[in-house]
Amino acid sequence: MKTASLTAYIVERLPEIWQRIGEHIFLTGISTVTAVLVGIPLSILAFYRPGLRGPLLGTVSILQTIPSLAMLVILLALFQKIGVIPAIVALILYALLPIVRNTLAALQGIAPEIIEAAQGIGMTEWQKMRLIRIPLGIPVIMAGIRTASVAGVGIATLAAFIGAGGLGEFINRGLALSNTRLIFLGAIPAAILALLVDFVLGYIEKVCDPKRNRYRSHRFQVAMKLSIVLVPLFLLIPVFISLSPWSSQTSGYSEKNETKSVNVVRIASKNFTEQHILSEMMAQMIEKQTQLSVERKFNLGGTIICHQALKRGEIDLYAEYTGTGLMAILKLPAINNPDEVYHRVSEEYRNRFNLIWLQPFGFNNTYTITVRKQDALRNQWKIISDLIPMSSKLVAGFSGEFQERPDGYPGFQEIYGFKFREVHDLDPGLIYQALSKGAVDVIDGYLTDGRIPAYNLVSLKDDKKFFPPYHAAPVVREETLNAYPGLRKALAPLGSLIDNSTMMVLNFEVNENKRDIPELVTEFLKDKEIL
Amino acid sequence: MIALDQISKSYDGVSRIVDNLSLEVLEGEVLMVLGSSGCGKSTILKMINRLIEPTEGRIYLDGKDIQHQDPIALRRSIGYVTQGIGLFPHLSIQENISMVPRLLGWPEDRINNRCRELFELVHLSSKIHANRFPDELSGGQQQRVAVARALAADPAYLLMDEPFGALDAITRDSLQQEFLDLKQHLNKTIIFVTHDIVEAVTLGDRIAILHEGRLEQIGTSVEILENPATEFVQNLFAKSVKYWKGFKNIL
């Protein structure tokens, strides 16, 4: 792409880049500082109670081995909350190991004759700690803090998966929209930030090393004072940023979620393109037709995360698919009649969760078993059952959600009675590319994804009628509808507005032509004369 | 006066590193504790400032049982020069020397005055050395600092654990001379541990000879040379006398 447009692309997103960097520093900074405040006293305690050392080091080591995404999801379940708090807790837990290990090593590593001298001249235990062990151990302790911070910057990119913001937000969005530029927009600043943190803490480490600063004692003091002032200032950057006007426009960050403000509707989306488009449509309609303001919490995660957030009232609405509601959420058996499915889920959702299904958008985004067109032609594949003879040779690439859902691969195997040779777990944004490049032979496509025709792929007919209809519709908290009566009316024009081919075109515009979603949505709604 | 009354120390309950040892150190005297390594001489010093607790027996300082004293206050009242010098590498010489007065909470100007005295006493320059760090000083200078640190709060007692052991012969010689001057000057009660017979004879008012945790003999060098109490003592000095004779012949 041209330099000019790339520059424009970045400049346009600069306010959000700054905001995300601020959030990233906030997440890493708060968690590292907390880990220091917790880890160092714990290490000192364990130093005096050798019986505690094994359990402490064991615990922090085990915490370190938990994969970061798993940790985030576990904490999400534990706190029953999306956002900053579970993310910070996860980062604290990861930061503990290097801090505790280095602090213990530092305290234990002081030469015995120095300790004997300290004791011999009449220092108390605490004086030995304060005047001898800690000052002599500072370089090693600082090295641990530095390791923890740099690792923290990396791990913090995952915080976006649970809606805690940070630079991972770009990466996630890039993954969801299969947009490499967006991924780089998060990845490159994160890498620079990690290097910067490493450099700054490396400098502080040098400054704190008593041996290196003897004749620079004046400079030493100045640098110490400077770093004591600069580090908290560094941490305050996100506060300044969040006070500035642009931050309120951009999507879902932080404590703002905790207390629901009046006249704000919070709209979430799952982590793929179509969901972003639908949620943006709903957002623009609400902004245009009502006095309400909209908080966009897009790309929140998969079905379960969105549903849980909606149930708990952390969001007010998102677009769900009838078949998904029926099978993945309600765990009911498949139904083939679209109206029947819609009525069933509406009724159950209202009774069980106090959630209301509004009128469907019109299209049916069912799962489709999708293959390359040339393979289909060569092997005369038309329906899914045609795959049976060759199934033991075929490699499938499925999204994680499909592999787990009852209306996904588990149920599929039961109904169709066959398995593929191997199944790779792929990000939903990447499966089409993987199939067209030949990395896998079969994928779980979305019927409305424009990349199916564009990449020369074909969907096979669901001959055993395994997949239920998946008509998308807004799902809203009953409470919200009652509080803002205008909401239902504002969203009504979206009913039956989009058929399958329209949705396919919109998806394609975003995925392949890299169109800006808000702009595309505005254009579309104006074209339909409802905005 | 320091009195050790039937002191024993055992780590395993069977072998005794110090075995039923009694001795008295008189006011103002320098008692040299002489013995080979592993004979328990450092252990004796560390029992006096309660870095190690004896298994049996009592230790009295000015007639008071140290077992009934606060170990921290006790240690601050006794100067201690450790075997490995043991200066604090992250603190300047001035900070090292002023540590005990600081722990005792002396006012700043009193500390500064005392430091100036101490620098002079151990033949260091407060101008040149005060802001240096231990590893920038020679071994002999570091040892002087260690002595100054031990003397900082003007303790009545001084425990010195092979303070010149790691120094080269020439430096040791000059420090021994300075020690003799210091001793005259200060009039402190000193227990000085050494494995060097010449050092023991040169520096001490009396010598206590230790072997395998037991006291073999205690007395002035003349008393011991003339009347060795045991075969061990006799052999110990016979060897040295032979050595000195050989040395004279070469000359």
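Is N263(A) buried or exposed? Here are a few friendly notes, with that residue taken up in point 2.

1. **The model.** Please keep in mind while reading that this is a predicted model.

2. **N263(A).** To settle the opening question, N263(A) counts as exposed because it has 10 C-beta neighbours inside 10 Å, and the cut-off for that class is 12 or fewer. You will find N263(A) in the loop that runs between α9 (217-243) and β1 (264-270) of chain A. Its backbone deserves a look too: phi of N263(A) is near 65°, a positive value in a residue other than glycine. For context, most residues other than glycine have a negative phi.

3. **N187(B).** N187(B) is not a glycine, yet its phi is positive, at about 55°. The residue sits in the loop between α8 (169-186) and β8 (189-194) of chain B. With 11 other C-beta atoms within 10 Å, N187(B) is exposed.

4. **Where the chains meet.** Between the two chains, 17 residues of chain A are in contact with 17 residues of chain B. On the chain A side, the elements that give two or more residues are α5 (112-120) and α6 (125-155). The largest share of that side, six residues, is supplied by α5(A).

5. **What that side is made of.** Sorted by class, the side of chain A that touches chain B holds eight nonpolar residues, along with five polar and four charged ones. If you plan to describe this contact further, note that the size of an interface is often given as the accessible area lost when the parts come together.

Notes:
Residues numbered from 1 in each chain as written. Chains lettered and ligands numbered in written order. Predicted model: local features only at pLDDT ≥ 70, side-chain atom pairs only at ≥ 80, totals over all residues. Contact = placed C-beta atoms within 7 Å. Helix = DSSP H or I, 4+ residues; strand = E, 2+ residues; numbered from the N terminus. Nonpolar A, V, L, I, M, F, W, Y, C, P; charged D, E, K, R; others polar. Buried ≥ 20, exposed ≤ 12 C-beta atoms within 10 Å, placed from the backbone.
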